[in-house]
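Hi,

Here is the structure I promised to pass on.

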Amino acid sequence: MSSETGLNSNWTRPDDFIKLQRLKQKKKQLAARVSNNNNNNNKRVELDENDRSKLLEAKIAQKRKNPFAKSTDCAKKPKTEEIQNAAKSTPDSFVRDTPTRPPPANLVLKKFDAQAFAKLLQQEHAKQADEDDDAALAARQLHTSHLPMDWCLKTRVRFFCPTELPSTQLKTSQLASGMTSFVRCFDTNQSESTLDISDATRFNQCTYYWQHPHLPWMTLFPRNSKENTGITIGERERKALAEEWDYSFRGLFQLLRARQCPYFYLCANSFTVLFRAAGTCGRAEMHALVTPSTRGMRNALREEGIEYSLPLKGEITTGSGQNNSLTEDTETNPESVDIASTTDTNAQLNEKAVPAEDGDDDDDDDAWLESLGVDERELRRIQTTHARKLQAAEMSVDFSDNSLLLIEGVECQGFFSYILNAKSTITSVGRLAGVPPTLLSPVAFPKATMQHLVPRSKQVRLDGVDYHSIDIKGLLLPTFLPSVAALLCETRQMFSATLASSTNTLSFSKATQKLLDTSPCEAKSAGEQDTGSHQVFGEQNLSECGLLPAVVSSICKTGQHAVGLLERVCYQRGDGFAWS
């Protein structure tokens, strides 16, 4: 037993063995640390024994050299010494061959140039003249208390204001209140409701409009957009779109007749129509403006018995020689003027068809020429030449602003039927083939889709002044700007707006302005009273059309500066509106 206990004591367990190994490693690490400390102490003692001067020299040697310091050893020698040394070292032949630098030229004054001096004076005078012109233009700038109505469609607008504009980041209550106010035609200032009446809500209410048809994968305004290429519609889809559009157009036209809709636009591929209710712009009856028109379209309307007039045709100015010769022929031949001109409801311009009296006159002229011995072949040549001149004179107006047609009164019903039945209303080839014209309205109508404009706000700095701006791209109806202007006039001291117009609809404002200038009610001696009564009756008749009272007043306004083409608008409280 004693031997077994001795053997057991000689054996070591694994745990004890690991502990011994760890103790050995710690002893080795401790011995290494002690030896390192001794070596460092010896070095320090050796360094301490050295002189202080050697330590300073070592530190100076270790210091980084300054690359911009001048070295005293290799300093530059003066130029005189370099020249002398070079002369001593180079042979005489080389010195003779080297070219010498010529002496500097003397300063010579140029002769006085009177023309150059006059140009400088003219530049100074031109700057002063520009400043004087700007000051005179600012002095002549007309300020009015109201904003003119622009009936052309806008594609972009940007508002500037030194103070903060209505927020475009809407809360839930603001977004819901704006949509509800637009759909239900609420005036938040006058109606007693629990809706949000903040500036952001009222601004949001102005950014909606109604459209039919709405195809998200197509751009339906403008109709000639490049994004519409390569899109085809099947026959079944075309038939369904035509049926839906027919019902929608009928309902919208009935709203216009009942004065529940103040106006709407019909945008086709080749023409655009603006329908306006009775009472707008001082017109006592419902009327329509069509632009541009062609000779074929005018002939089709004439064959249907629809009377129309060309308000802007008197402003024709041509620059080409061919057009000038045609205008001269129309001036010399009164018959051509009668054939090319159109008829108004007041019988001011006559263009229904070639009257029977003109036909009798032509027969008399032919008989007279035959009595003179004119050959029948020559007579036919004269007739064909005259017909070509008349046709060219009539076609010279096509696709221009001067070709705008005015259809009013009972003739609008006939024009409505013509649009429904005309094959040219819905094109069968080209872009948007089979897609009906786009209907745009500020109020709801059957089958319409509510569209929304997306405003973007940011801050800009102009001439050292910070401005708040809101930029909107998209389709802007004529009532958008008056609605926003009425809001900003109440809450802001000053603001400005820059607009971009659709060139195809500029003639709407031009024609309306000319019709107001030549209105029979203004030609009377008591014209102001008549225009005031027309405006009051128009506002009363359109009081239930769904627009704000301030907007209704602007579309019914007559008289001076009631309509204008707007590209830039400025407002200052106390001074009113200024525009260009």
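The lining of the second largest pocket draws at least two residues from each of α7 (172-183), β2, β10 (465-476), α16 and α19 (549-556). Helices here are DSSP runs of H or I with at least four residues, strands are E runs of at least two, and both are numbered from the N terminus. The largest share, four residues, is from α19. The volume of this second largest pocket is about 520 Å³. Its lining has 29 residues, and Q205, G546, L547, L548 and V551 are the closest to the centre. By class they split into 17 nonpolar, nine polar and three charged (nonpolar is Ala, Val, Leu, Ile, Met, Phe, Trp, Tyr, Cys and Pro; charged is Asp, Glu, Lys and Arg; polar is the others, Gly among them).

On the terms: the search runs on a 1 Å grid over the protein atoms alone, where a cavity is a set of points that a 1.4 Å probe fits but cannot get out of, a pocket is an open set with protein on both sides within 12 Å along at least five of seven lines, and lining residues have an atom within 4 Å of a point. Points are joined across faces, edges and corners, and a volume is the space filled by probe spheres set on them.

Before you go further, note that this is a predicted model: local features need pLDDT of at least 70, side-chain atom pairs count only at pLDDT 80 or more, and totals for chains, interfaces and linings use all residues. Residues are numbered from 1 along each chain as its sequence is written, and side-chain values use heavy atoms, with hydrogens and water left out.

Now the cavities. The whole structure has three of 30 Å³ or more. The largest has a volume of about 100 Å³; 14 residues line it, with D150, K154, L477, P478 and L481 closest to its centre. Helix α16 (residues 480-491) gives the most to that lining, three residues. The lining has twelve nonpolar, no polar and two charged residues.

D150 and K154 also form a salt bridge with each other, at 2.5 Å, N to O (the rule is a side-chain nitrogen of Lys or Arg within 4 Å of a carboxyl oxygen of Asp or Glu). Both D150 and K154 are buried (buried is under 20% relative accessible area, exposed over 50%, partly exposed in between, with a 1.4 Å probe and protein chains only). The salt bridge count comes to eleven.

Another of them pairs R492 with D199, at 3.6 Å, N to O. R492 sits in the loop between α16 and β11 (494-501) and D199 in helix α8 (residues 199-205), so the pair ties together parts 293 residues apart in sequence. R492 counts as buried at 9% relative accessibility, while D199 is partly exposed at 23%.

After α9 comes R259, with a positive phi near 65°.

Last, L301 in helix α10 (residues 295-303). L301 is buried, with a relative accessible area of 0%. Leaving out residues up to four places away in sequence, L301 touches I306, Y308, L405, I407, F415 and Y418 (contact means heavy atoms within 4.5 Å).

Cheers
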